[in-house]
Protein chains: 2
Amino acid sequence: MPLKSGFRSLASVEDALDMFLGSLEPLNRVEMVSLEEAGERVLAADVRAPRDVPHYDRSAMDGYAVVASDTFGSGKDAGVILKLTSKDSIVSGECRQVHTGSPIPEGADAVVMLEYTEAAGDGVEVLAQVSPGQNIGLKGEDVRKGDIVFREGRLLKPSDVGLLASMGLTEVAVYAKPRVLIIPTGEEIVPRGVEPAPGQMNESNGVMNYLYVKRFGGVPTVHGIVSDVKEELAAALDEGASYDLIVTTGGSSVGKRDLIAEVLASKGTVLVHGVAIKPGKPVALGLVDAGGKRTPIVCLPGYPAACAVDSMVFVDPAVKKLGHMPPAAYRTQKAILTRKIYSEAGYRTYTRVSVEEGRATPLRTKGAGVLSSISRADGYVITPPDVEGHEAGEEVEVTFLE
Amino acid sequence: MPLKSGFRSLASVEDALDMFLGSLEPLNRVEMVSLEEAGERVLAADVRAPRDVPHYDRSAMDGYAVVASDTFGSGKDAGVILKLTSKDSIVSGECRQVHTGSPIPEGADAVVMLEYTEAAGDGVEVLAQVSPGQNIGLKGEDVRKGDIVFREGRLLKPSDVGLLASMGLTEVAVYAKPRVLIIPTGEEIVPRGVEPAPGQMNESNGVMNYLYVKRFGGVPTVHGIVSDVKEELAAALDEGASYDLIVTTGGSSVGKRDLIAEVLASKGTVLVHGVAIKPGKPVALGLVDAGGKRTPIVCLPGYPAACAVDSMVFVDPAVKKLGHMPPAAYRTQKAILTRKIYSEAGYRTYTRVSVEEGRATPLRTKGAGVLSSISRADGYVITPPDVEGHEAGEEVEVTFLE
């Protein structure tokens with residue numbers, strides 16, 4: 001008669017991630033994108049310089065291109081006067097004005113900086129000695145044509161893209177973003193825009209995960225709501241097989257209406273069911289066998305706070321690994337707790353806090369006012385399983401997961 | 001005859017930002033967006049709950065809805081047996097099975113948790129006493145219809161959007177994103193896809209800033225390349241007046257071909273020209289008077305490393321302020337320097353470093369290999385004007401700006 005029994009055992013977060021991520025292979029799909037689309041994409045191949053950089057002998061200074069030997073013996077009290085020309089080639093006794101980046105005229109082999117020169121009639125007096133090659137950036141000095149500039153696997157930053165543009169590239173090969181099918185489940189869930197009857201609620205985990213998956217680096221699609229019916233859940237998982245990752249929300253616990261793990265077991269492999277994480281214990285991780293392939297699946301709980309934490313803990317690294325992206329790196333901040341944080345030993349606990357002037361206040365997660373409390377949340381205090389809570393006044397690290 | 005003279009004086013970064021940001025007003029344009037589009041957007045009005053939350057009296061536990069007074073005196077050795085019913089209303093002597101979230105049947109006023117019950121024929125034995133209201137979430141207990149749930153100005157996180165969805169909202173009023181016109185300038189710049197002659201280079205700062213502006217939260221448009229001709233620059237600034245912010249790249253110094261500050265002075269106000277920042281000194285900030293309004297403008301230098309730093313230091317906060325967004329918060333990390341960092345007193349200096357295993361290595365910014373060096377950059381060490389460099393072995397803070 002029990003409506004609800006416990007999980008037989010709970011995996012640690014680390015073991016659950018190891019098992020699940022260990023079963024995933026990064027995707028091999030590659031696409032060519034324009035540089036405008038290349039920001040925060042991952043290079044699918046080494047990028048080689050399509051030409052020398054610089055692609056011509058260039059002046060590294062504002063000044064005058066000269067024949068170096070003309071300046072030998074010059075100094076601030078012993079200038080040499082050179083004839084100013086604007087021709088594309090010079091000979092001994094001549095000089096030509098150059099800017100930083102100007103091509104070096106034929107015949108010149110050095111540049112005298114502007115500050116070591118003075119006007120002298122229609123010529124220029126050079127008051128310093130330069131050696132051959134001085135203040136000239138030689139063709140190919142920076143990068144030789146064919147040299148590798150960025151390695152496969154690089155997550156492109158805006159300045160990286162600028163560099164690719166400056167080398168003459170117009171598009172680049174990147175790994176495809178993982179396509180993620182999000183399936184909201186639950187007989188009590190009604191679509192947005194429909195007024196829920198008592199006992200019903202509007203779908204919300206789907207759109208939340210849609211936004212998470214985008215942020216994680218995936219391409220999300222939200223499936224229609226699926227009721228707590230085994231055949232319908234199974235059919236939805238079949239549809240998911242044409243995606244790179246399936247994410248379900250709701251029905252992931254072990255109660256009478258919690259069918260997803262059972263359906264997953266019948267259609268593939270349950271790698272993990274139940275993790276020592278709070279909130280978020282009723283999460284399942286596995287693989288769906290359908291469409292001639294194995295598609296990874298994360299079954300998130302329906303309780304929104306648990307759904308959010310499990311999405312960041314399990315869906316994010318899965319999307320990142322599939323898409324060849326480095327793991328997420330979060331901003332953290334030290335803060336003093338204004339109130340005690342309770343956490344149960346054995347669980348990794350995520351406590352939402354609001355942070356103001358270096359002080360972190362844990363937010364209520366139950367009872368009246370919980371929604372408006374959550375709406376002030378800034379970050380999370382993450383308590384490892386071997387720590388039992390934190391005292392008021394203790395310094396903690398706040399992680400800004402969102 | 002000087003090709004290049006210095007700036008008369010340099011503003012500090014703080015003063016430059018104060019002057020420039022002080023001249024900007026956040027935009028008033030508001031748009032309604034669906035929840036799928038609401039991630040990382042800023043609320044343009046307080047959001048009020050469109051209905052009570054919960055919108056019905058709901059069970060807070062799995063168990064049985066009862067008439068509380070039927071349980072008075074019950075305990076683990078003195079159970080009371082109630083008749084199990086599935087009707088929508090109960091009377092004294094009856095109970096009905098409920099799940100967490102189930103509506104409370106008419107006539108019931110408490111829920112007995114499953115663990116305090118036992119099956120007893122076709123009835124249920126209740127082995128604990130509950131008081132009226134116990135384990136029931138009353139309609140409106142969390143949020144009352146009309147209560148403010150999120151304040152105007154909130155930057156919406158995925159979990160915030162989930163909350164809005166769960167309350168029955170389908171769209172939300174947000175501030176428009178600032179529209180930014182990026183104008184690459186320079187007679188030596190040729191479009192991407194065109195092979196540059198000696199002395200020319202492919203346009204790269206435009207696409208870099210396109211990606212920065214998107215990341216900052218704006219909507220970028222890249223203008224065609226404008227040559228170093230006053231009339232053409234002035235015409236481009238006029239076009240910029242139909243945007244919220246203008247960003248030019250190149251020609252922002254004080255040399256012969258550096259015309260943008262002069263053109264800006266003729267078309268509006270130069271608030272700042274020359275900032276004590278390295279790289280990035282030749283930056284101008286001001287306002288263009290055209291189209292019946294004043295449009296803020298950031299004139300970035302053409303040297304890519306300087307252009308990138310100035311974009312993050314000046315364009316980012318301008319976009320954020322125009323768009324009602326909070327200032328950027330960057331991830332930082334302590335690291336030990338492997339090599340000395342040179343910085344000039346009086347300048348805020350941004351030194352690119354690569355970070356590996358807690359060790360930060362400053363990257364070469366000049367000479368051979370500079371490009372491939374930059375392609376390994378992870379973050380910046382930011383040295384304030386009153387500090388002269390850092391020694392090898394010193395612990396520094398690395399800021400991950402990109």
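Predicted model: local features only at pLDDT ≥ 70, side-chain atom pairs only at ≥ 80, totals over all residues.
**Stop 1**

Start by giving chain A and chain B their own colours. Chain A can be laid on chain B by a turn of 180° with a shift of 0.0 Å along the axis, and the RMSD is then 0.1 Å. That makes the relation one of a two-fold axis. To find the axis in chain A, select R331(A): its C-alpha is the nearest to the axis, at 2.2 Å. The two copies use the same surface, too, since 100% of the contact residues of chain A recur in chain B.

**Stop 1: where the chains touch**

Now select the residues of each chain that are in contact with the other. The size of an interface is often given as the accessible area lost when the parts come together. Here the buried area between chain A and chain B is about 6200 Å², with carbon and sulfur atoms giving 61% of it.

Zoom in on polar contacts between the chains: there are 18 residue pairs of this kind between chain A and chain B, counting those with both residues at pLDDT 80 or more.

**Stop 2: salt bridges across the boundary**

Side chains of opposite charge can pair when their charged atoms come close. Over all chains, the count is 38 salt bridges, and between chain A and chain B it is 6.

Select E36(A) and R192(B) and show their side chains. These two form a salt bridge, with the closest N and O atoms 2.8 Å apart. On the chain A side, E36(A) is in the loop between β1 (30–34) and β2 (47–48), while R192(B) is in the loop between β14 (189–190) and β15 (201–202) of chain B.

Next, pick E195(A) and R51(B). Their side chains also meet in a salt bridge, at 3.4 Å from N to O.

**Stop 3: an annotated stretch**

Select residues 181–321 of chain A. UniProt, in an unreviewed entry, places the feature "domain: MoaB/Mog" here. In cartoon view, this stretch is 35% helix and 28% strand, and its end C-alpha atoms are 16 Å apart.

**Stop 4: some backbone details**

Show the backbone around V53(A) and P54(A). The peptide bond from V53(A) to P54(A) is cis, with omega near -10°. You'll find P54(A) in the loop between β2 and β3 (58–59) of chain A.

Move on to K278(A) and P279(A), which are also joined by a cis peptide bond, with omega about -10°. P279(A) lies in the loop between β19 (277–278) and β20 (284–290) of chain A.

What is phi of N135(B) near? It is near 60°, a positive value in a residue other than glycine. Look for N135(B) in the loop between β9 (123–126) and β10 (136–137) of chain B.

Terms used:
Residues numbered from 1 in each chain as written. Chains lettered and ligands numbered in written order. Heavy atoms only, no water. Buried area = accessible area lost by both parts, 1.4 Å probe. Salt bridge = Lys/Arg side-chain N within 4 Å of Asp/Glu carboxyl O. Polar contact = N/O pair within 3.5 Å; in protein donor to acceptor, adjacent residues only side chain to side chain. Least-squares fit on C-alpha atoms with pLDDT ≥ 70 in both. Contact = heavy atoms within 4.5 Å. UniProt positions renumbered as here; feature names shortened; annotations may be inferred. Helix = DSSP H or I, 4+ residues; strand = E, 2+ residues; numbered from the N terminus.
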